[in-house]
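Reader: I am new to looking at protein structures. Could we go through one together?
Author: Gladly! Have a look, and ask whatever comes to mind.

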Amino acid sequence: MGSIDFKDKKNIFAIVIIAIILLGGYCVYDYVWNPFVMERESLEHDLQAAQAELNKINAKKHRITELEMQLVQAEKDFEKLKEMFPEEEKVPLRLQDLYSVLRSSGVQIQKFNPEGRAEREHFIENRYSIAVNSGYHMLGYLFAEIANFNYPTAISNLRLNRYSGIAAEIQKAETHGWTPITMSVSFNLTTYTSKKVAK
C-alpha cells in the first residue's frame with residue numbers, strides 16, 4: 001500500500017471531506033443524539049413515576065368508594081340516633097305514639113301526665129305518669145307495643161290493683177262476649193333525650 005501524497009489536491013480534498021464528515025458526525029452525536037437519549041431516559045423515568053402514582057391512585061379509588069358508602073350509611077345511622085335521642089323531648093309526638101297504642105290495646109286511659117325530667121351525666125330522662133284500666137292480655141299488648149317504639153323507653157313503678165267494677169265487667173263480658181276490664185294499672189314511662197356536651 002502506497003503512501004498518501006499530501007501534495008495532490010484530490011487527496012487533500014478527500015481528507016478535508018472525511019474530516020468534515022467525522023466532525024459533523026461527532027457534533028450530531030454530541031449535540032443531538034446524546035441530549036435525545038438523556039431526554040428519553042428522563043421522560044421514561046417520569047413516565048414510570050407517573051405510572052406508579054396512577055397505580056396508587058387506582059388502588060385507593062376502590063377504598064374511596066368504600067369510604068363514601070360508609071359515610072352515607074353513617075349519616076343514616078346518625079339520623080336514626082337523632083330520632084332515638086333527640087336534643088329536645090318531642091312531647092306531641094310521644095303523646096301521639098302513646099295514645100295510639102293505648103287506644104289500639106283497648107285499655108281505658110285514666111291518667112296521662114308529664115312528670116318532668118331528670119338530668120344524668122350524658123342524657124336526660126323524661127318521665128310520664130300513666131294510669132289505665134285494663135285486662136291482662138290488653139296490658140301485655142300495651143307493653144309489647146311500647147317496647148317496639150323506635151326510641152328507648154323504660155317502665156317503672158308498675159302497680160296492679162283489682163278493678164273496682166270487675167263484677168259488672170265480667171257480667172258484660174259474658175253477655176256481649178268482649179274482654180273484661182279486670183285491673184287498675186299505674187306506671188311511670190320514661191323516654192330519653194341527648195344532652196349537649198359543653199365545649
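Reader: Let me start with a single residue. Which residues does threonine 190 touch, not counting residues up to four places away in sequence?

Author: A word of care before that: this is a predicted model. Threonine 190 touches Glu125, Asn126 and Arg127, and also Pro152, Thr153 and Ala154. You will find threonine 190 in strand E4.

Reader: Is threonine 190 buried or exposed?

Author: The idea is to compare its relative accessibility with a cut-off: buried means under 20%. Threonine 190 has 7% relative accessibility, so it counts as buried.

Reader: How should I think about a nonpolar core?

Author: Here is the general idea: in soluble globular proteins, nonpolar side chains tend to be buried together. In this model, the largest nonpolar core has 20 residues, and Leu142, Ile146 and Leu189 touch the most other members. The elements giving two or more residues to this core are helices H2 (91–105) and H3 (136–147), along with strands E2 (123–134) and E4 (183–194).

Reader: Which residues is leucine 142 in contact with, leaving aside its neighbours within four places in sequence?

Author: Leucine 142 is in contact with Val101, Leu102, Ser105 and Phe187.

Reader: And how much of the protein chain is buried?

Author: Of its 199 residues, 21% count as buried.

Reader: Now for charges. How many salt bridges does the structure hold?

Author: There are three. To read one, look for a side-chain nitrogen of Lys or Arg within 4 Å of a carboxyl oxygen of Asp or Glu. Glutamate 119 and arginine 117 form one of them, with their closest N and O atoms 3.9 Å apart. Both of these residues are exposed.

Reader: Which residues are linked in a network of salt bridges?

Author: Arg120, Glu125 and Arg127 are. Glutamate 125 meets arginine 127 at 2.7 Å, N to O, and it also pairs with arginine 120, where the closest N and O atoms are 3.4 Å apart. Glutamate 125 has 13% relative accessibility, so it counts as buried. Arginine 120, at 38%, is partly exposed, and arginine 127, at 33%, is partly exposed too.

Reader: What about rings? Which residues do ring pairs link into a cluster?

Author: Look for Tyr99, Phe112 and Tyr128, which ring pairs join into a cluster. The structure holds five aromatic pairs.

Methods:
Residues are numbered from 1 along each chain as its sequence is written. This is a predicted model: local features need pLDDT of at least 70, side-chain atom pairs count only at pLDDT 80 or more; totals for chains, interfaces and linings use all residues. Side-chain values use heavy atoms; hydrogens and water are left out. Buried means under 20% relative accessible area, exposed over 50%, partly exposed in between (1.4 Å probe, protein chains only). A nonpolar core is a set of buried Ala, Val, Leu, Ile, Met, Phe, Trp, Tyr and Cys residues joined through side-chain atoms within 4.5 Å. Helices (H or I, at least four residues) and strands (E, at least two) are DSSP runs, numbered from the N terminus. Contact means heavy atoms within 4.5 Å. Rings of Phe, Tyr and Trp (its six-membered ring) pair if their centres lie within 6.5 Å; planes under 30 degrees apart count as stacked, over 60 as edge-to-face and the rest as tilted.
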